[in-house]
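Thanks for coming. I have one structure to go through today, and I will keep to what was computed from its atoms.

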Amino acid sequence: MYEMRTLGTDAERDEAAALVQDRQSWLSQRGLPVPARADIPALFRDPQSAAAGLFEDGLLLACTIPQYASRHGWDQGPCLFLSCFHTLPGRSDNTVRLITLWASDFAARLGLPLVRAEVLARDPLHGDPIAPFLRRVIDMGWNLRGTGAGQQSEPVARLELIAERRPGLKALIGCQVHTPQPAPA
């Protein structure tokens, strides 16, 4: 069984920071975009960030900082924003599917209509090395909302997912994520 939960201990937050560093190294080795913001691992170590992780039998597969946004810089309307989303290298596809299911359900349970996320990418997207990943997440139900500047003013692909209650999901993914904090304005 999988579990999505707020990272509650220093050890879990350190594990998330290490996962982020591993993912950034993996991306860099493949010539894929890496966030310029050097302090992302530090965000996961900070207990105030309310970071969350997807675990399978105690192994951290992914981490993110779920945030409530009453409006997001590139679109209007409230949403669950998945900030700083990272997966364990080599486990991405299935992990992203699980996060997609969880995020859609979690947002619906919070009364939010959408989930939004950003992926580092260059325009035009069809020529970007991230294009195969974008095709996979679109097949999972995400909508590509174009490109633009992200939270840290880096070029990103903007993704949006419709929130949907999934009552049977708790048999697959337990959820112990705290109510998200507001995203920075």
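First, the ground rules. This is a predicted model, in which local features need pLDDT of at least 70, side-chain atom pairs count only at pLDDT 80 or more, and totals for chains, interfaces and linings use all residues. Residues are numbered from 1 along each chain as its sequence is written, and side-chain values use heavy atoms, with hydrogens and water left out.

Let me start with helix α4, residues 131–139. Helices here are DSSP runs of H or I with at least four residues, strands are runs of E with at least two, and both are numbered from the N terminus. Which residues of α4 are buried? They are A131, F133, L134 and V137. Buried means under 20% relative accessible area, exposed means over 50%, and partly exposed is in between, with a 1.4 Å probe and protein chains only. Seen down the axis of α4, those buried residues fall within an arc of 155 degrees, so they line one face of the helix. The arc is taken over the directions from the helix axis to the C-beta atoms. As a reminder, an α-helix has 3.6 residues a turn, so residues three or four places apart point the same way.

What does the buried side of α4 pack against? Its partners are α3 (92–109), β5 (114–120) and β7 (155–162), where contact means heavy atoms within 4.5 Å. On the other side of α4, R135 and D139 are exposed. Just after the helix, G141 has a positive phi of about 115 degrees.

Next, the largest pocket, which holds about 860 Å³ of space. The search runs on a 1 Å grid over the protein atoms alone; a pocket is an open set of points where a 1.4 Å probe fits, with protein on both sides within 12 Å along at least five of seven lines, and lining residues have an atom within 4 Å of a point. Points are joined across faces, edges and corners, and the volume is the space filled by probe spheres set on them.

The lining of the largest pocket has 37 residues, and the closest to its centre are F85, E118, V119, L120 and F133. F133 is also one of the buried residues of α4. Which elements each supply at least two residues of the lining? They are α1 (10–29), β4 (79–87), α3, β5, α4 and β7. The largest share, seven residues, comes from β4. By type, the lining divides into 23 nonpolar, eight polar and six charged residues.

Now the cysteines. How many disulfides are there? The count is zero, with a disulfide taken as a pair of cysteine sulfur atoms within 2.5 Å. The sulfur of C63 has its closest cysteine sulfur in C84, 8.8 Å away, which is too far for a bond. C63 is buried at 1% relative accessible area, and C84 also counts as buried, at 17%.

Some single residues next. M4 is in strand β1, residues 2–6, and counts as buried at 0% relative accessibility. Leaving out residues up to four places away in sequence, M4 touches several others, including A52, L54, W102, G174 and C175. G174 lies in strand β8, residues 173–176, and is buried at 15%. Under the sequence cut-off of four places, G174 touches M1, Y2, E3 and M4. G174 and W102 are 72 residues apart along the chain, with 9.1 Å between their C-alpha atoms.

R13, in helix α1, is buried at 8% relative accessibility. Its C-alpha is 4.8 Å from that of R45, 32 residues away in sequence. Among the residues that R13 touches are F44, R45, D46 and P47.

Last, two backbone angles. A50 has a positive phi, near 55 degrees, in a residue other than glycine. A50 sits in the loop between α2 (40–45) and β2 (52–56), and is buried at 16%. D57, also not glycine, has a positive phi near 50 degrees. D57 is in the loop between β2 and β3 (59–69), and counts as exposed at 71% relative accessibility.

That is the end of my list.

Key:
Nonpolar A, V, L, I, M, F, W, Y, C, P; charged D, E, K, R; others polar.
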